[in-house]
Amino acid sequence: MSILTDEVNIALRMNTGSVQLDIPPGSRAWYTGYENCCGRISCMGWACCGPKPGGYKGLTTSCDGRPYWLKTALPCSNSRTPFPLMILALVSVLTLSLLIQKQTPGMKAQTAAHGMESLATRTGHVTGLNLSCSFLVGSFSENSSLFRLQGLKRLNLAYNTNSMVLSLLGLVIPSDISLLSKLISLDLSENSYWELEFDSRSFDKLMHNLSDLENLFLGIVNMSDVLPSSLINLTSSLKRLGLGESELQGEFPTEIFNLPYLEYLDLSSNYFLTGYLPRSNWSSPLRFLDLSSSGFKGSIPSALGNLTKITFLSLSHFEGELPNVFGNLNKLTTLDFDYCNFSGQLPPTLFNLTQLTHLDLSFNSLEGPLPTQISGLQNLYEFRLTDNLLSGAIPSWLFTLPSLEYLDLGSNSLTGPINQIQKPNSVQQVFLANNDIHGEIPSSFFDLANLAQLDLSSNNLTGVIKSAMLSKLGNLEKLDLSSNNFCGVIKLDLLSKLKNLTTLDLSNNRLLSLSSSIGVNYSFQELQTFSFSSCNVRQFPNFLRTAKQLRVLDLSFNKIHGSISKWESEGWEELSSLNLSYNSLISLEQFPGKNLEILDLRSNKLRGHLPDPPSSLRECLMSKNQLTGKIPPSICNMTSLEILDLSTNNLSGIIPACLGNLRFSISTINLQKNNFHGKIPDCFVWGTRLTNLALNDNQLEGLLPRSLINCTSLRFLNLANNKLKDTFPHWLDNLPNLHFLILRSNRLHGPFNISKVPSSFSSLQIIDLSQNEFGGPLPTKFFQSLEAMKDESEAMTGVLTRAIGCKNIFVRSCSEATSYGNHGPEITTIANFVKVTMKRLEIELQLEKTLPGFTLIDFSNNRFSGRIPDALGELHALLVLNLSHNNLNGSIPSSFRSMAAIESLDLSWNKLSGRIPSQLTNLTFLEVLNLSQNNLIGPIPHGKQFDTFDNDSYSGNLALCGLPLSKKCGNGDGPKPPTPVFVEDEGSAIPFIWELAMMGYGCGLVLGLSMGYIVFTTGRPWWFVRTIERDWQNGNRTEFEEDMHPASLGPGWKGLLTFLV
């Protein structure tokens, strides 16, 4: 194939030692490798794909926008993969295209006569070598003939994946590459990730020798050893610099931005490369600037408006307000500012750009309304403003832009309404989900005839969805109107006219229903996903039998009753995901489909035995039903099973031993709240992926299986409420990821022994050993090993709710609290693996969802004795501590004052003595305190949270006194009176004295002072004194009280007060 008129095809031979090119004497040439650029091949990792389908040749640009040299063309095939590597095993000859300088008309004849001579012996005549996309083999040593091509001006070894360049150059790029001193263009980019390395010495030498360099592309070359400051040595003639994903670290020199000829700069995906944009005097011919996913930061300078030739601009991690400097950027086609921290309103000049095709400002904090009218954006193809704080209406011009095909304004605060559209455009994808748009969808919206995807989910849209309107969207493929307030009846006969529909989600519209004509079967041949959750559906829609392509079906939270019969699931052969949870189904004759992967039948009324599940299942969720019988043995054949949840049923028998052998798939086993008996299978093999195991509330007995030590990924273990008889499983300390250990209500016994390894149980967040028969002293070393309960930052996860005024033991948000009992709140959370209910400090933990910040120690109802270890005070992140109903003695450790996050403390029903440490009043998050039924003595501390506890917190301690108990403290027990009046004590009643004194001013000074003196000395009436004292402590002083403060009084008044006191 001839590329230019004067071209000769000769052979390129690949030897193991070097690459040898045979080339005619006196020729100037560059090599062009074969390329497969047919169809719309993804440009990620493959440079040979072009902007248009089909082969191409001549000067063009690659997918990242930078220019490429002459390229040969291949006939197009249907393959969408790069040119196969196996071609090298079949073909040993590649094409060398030679651009021959015309010297004489007989050049070709002369070339044929002379034959082929080694390229290495004719080094001065080769000016360009392009080996990109060629899958070459062999290697270059330091004395390779490549480096003797001293006349070489262009070298391209880019986009040779599968370690091609690695095999050519080795791990480190040889320093001899700097011998190619006449290079004006060098491209080593896009080869095996970071295996090709440029050390600082070789790079500095290259920068010193290449004085004419114009193009340098080193993307995905490991340059972590190169200091960014060395880039200052780049020649001022540099036009293009590509260093994306090159592992650069440190601060990028700002001077590079001001190079006089720089047109292309790519520093993207250098996460540890920092720097700033020039603040002033920035005027350059830059056309392409990509700083995305790098460490550059700061605000955008106004000097950005000087880049009048810029066409591509991508930034991330910048902040501040967007300056209104886009008016002169008339050539800008791509603006990508996603994942920054921009705030403020959208600059008006942004909407005047006429050449812009892609605009992405997603994931910022931009606010305010969209403009009501604009004058630009005629060529805008893609518009993304996802995840901002935009408000106001949806302007109609969005749907009249002539070139717009993709619009995403999801996850904002837009309130709507959606304005009427006068001249609908050709937009194909519209995403307005997760806003607060209200009102009805205007009828003109359904005139967007080219719509293929429409997502209006999670808004406050109302009105009737008219099937006639939907039927106008004939090209619609995906429709999501879920989580709104739509009403009316969706008629399947009209909906079936959407022949291209593949995804339909109308869930969570409780006033919406389906309707079809009796006896009529509707066909949805392309439908793959159908979601109609929470829509009052009472029976399976008839059309499901004809939806032969259906993959995902969600009819959860409805009122479907009856059975899943063989006939009912007739048309579900291709289902991969089925969700019928929270209905009223009573039986399951067979599992639907042959390739089912996800089955959710939770919270129905299913009875009878469990059918044989299909071997393809990955998730089997059938909890909260009425299933009976044994687990079928066929479950052992489910080699893909990841989650098995059969909890809260009436299943019985023994647990199949094979469950422990599914090590390559199973991650969650939840069989809690059934009637399983026998021993827990001791068959957990090494390398299992098991993360969550819940076997609580059964009739299991015997020892804890020692093979659990093989479950190194185990995070959650709940064996509570069984009949297990064993000692404490100290050997579990070898499980580094164990966060939750619940062994409550078994027959575990003996002293609490753990390994002497310091890191024992370092990840535990919850341990519940209550209602067992453990004895001996509390384990000090165990408490010292609980590193996860010492992290104060973890504690803040649990106490953050106070900042929004939500007073619960532990909830993620105020809306999660369900009720408040007499002994503290009852909480139902919706986190991943644990459900916590607090009432009388008893807890219920279920394998549902996790509470990332919840920490708990419950050793109650055992036989522990001795003193409470001071080490417990080191657990700064502990939220709940329950040591009640034991035989503990001694005093309450003063170290408890360091448990800053504690919310519930129960030490009741022990033999504790001594006084309650006054330092405990500093536990500002303490919501529940129970010290009852001990031998504590002395006055009860007051202040902060302690003023909120009632009698029940202290009952049964006969020697305690003071509020809230009715027993008053004697002179020896009460607090000492305040010392000099010059420094007022916190509990002083002096302001109250003088308030009474002034009240009696009209009746006589003597009577007023007498009344004040009597009240002060007798302390009666007590309720009155207490009220005034509390007001004073809370800062509720009157203006007069402030004036009467001792610090404001003169000497005479102070003397009188001293006499009275």
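**Aromatic pairs**

I counted the aromatic pairs first, and the structure holds 31 of them. I took rings of Phe, Tyr and Trp (its six-membered ring) as a pair if their centres lie within 6.5 Å; planes under 30 degrees apart count as stacked, over 60 as edge-to-face and the rest as tilted. I then looked up Tyr339 and Phe363, which are stacked at 4.3 Å centre to centre with 10 degrees between the planes. This pair links distant parts of the chain, 24 residues apart. Tyr339 sits in the loop between strand E19 (334-336) and strand E20 (341-344), and Phe363 in the loop between strand E21 (358-360) and strand E22 (365-368). Helices (H or I, at least four residues) and strands (E, at least two) are DSSP runs, numbered from the N terminus.

Tyr339 is partly exposed at 49% relative accessible area, and Phe363 is partly exposed at 32%. For these words, buried means under 20% relative accessible area, exposed over 50%, and partly exposed in between (1.4 Å probe, protein chains only).

**Source notes**

The model is predicted: local features need pLDDT of at least 70, side-chain atom pairs count only at pLDDT 80 or more, and totals for chains, interfaces and linings use all residues. Residues are numbered from 1 along each chain as its sequence is written, and side-chain values use heavy atoms, with hydrogens and water left out.

**The largest nonpolar core**

I looked for nonpolar cores next (sets of buried Ala, Val, Leu, Ile, Met, Phe, Trp, Tyr and Cys residues joined through side-chain atoms within 4.5 Å). The largest has 226 residues, and Met622, Ile857 and Phe859 touch the most other members. Among the elements that each supply at least two residues are helix H4 (200-209), strand E26 (413-418) and helix H7 (780-784). H4 gives the largest share, 3 residues. Domain 1 (116-297) and domain 2 (727-810 + 832-970) both contribute residues, so this core lies between them. The domain bounds come from an automatic or database domain assignment. I also noted a second, separate core of 11 residues, including Ile742 and Val880.

Phe859 belongs to one aromatic cluster with Phe728, Phe752, Phe761, Phe774, Phe782, Phe783 and Phe864. Not counting residues up to four places away in sequence, Phe859 touches residues including Ile767, Leu778, Pro779 and Asn886. Contact means heavy atoms within 4.5 Å.

**Helix H4**

In H4 I found Ser202, Phe203, Leu206 and Met207 buried. They cover an arc of only 135 degrees around the axis, which puts them on the same side of H4; the arc is that of the directions from the helix axis to the C-beta atoms. Strand E9 (185-187) and strand E10 (215-217) are included in what covers them. The face turned away from the buried side carries exposed Arg201 and His208.

**A buried asparagine**

Asn910 is in the loop between strand E62 (904-906) and strand E63 (911-915). Asn910 is buried at 8% relative accessibility. Leaving aside neighbours within four places in sequence, its contacts include His885, Asn887 and Gln933.

**Backbone entries**

Most residues other than glycine have a negative phi, and most peptide bonds are trans. I listed some exceptions. The bond from Gly416 to Pro417 is cis, with omega near 0 degrees, and Pro417 lies in strand E26. Leu963 and Pro964 are also joined by a cis peptide bond, with omega about 10 degrees.

Glu245, not a glycine, has a positive phi of about 55 degrees and is partly exposed at 23%. Ser534 has a positive phi of about 55 degrees and is buried at 4%.
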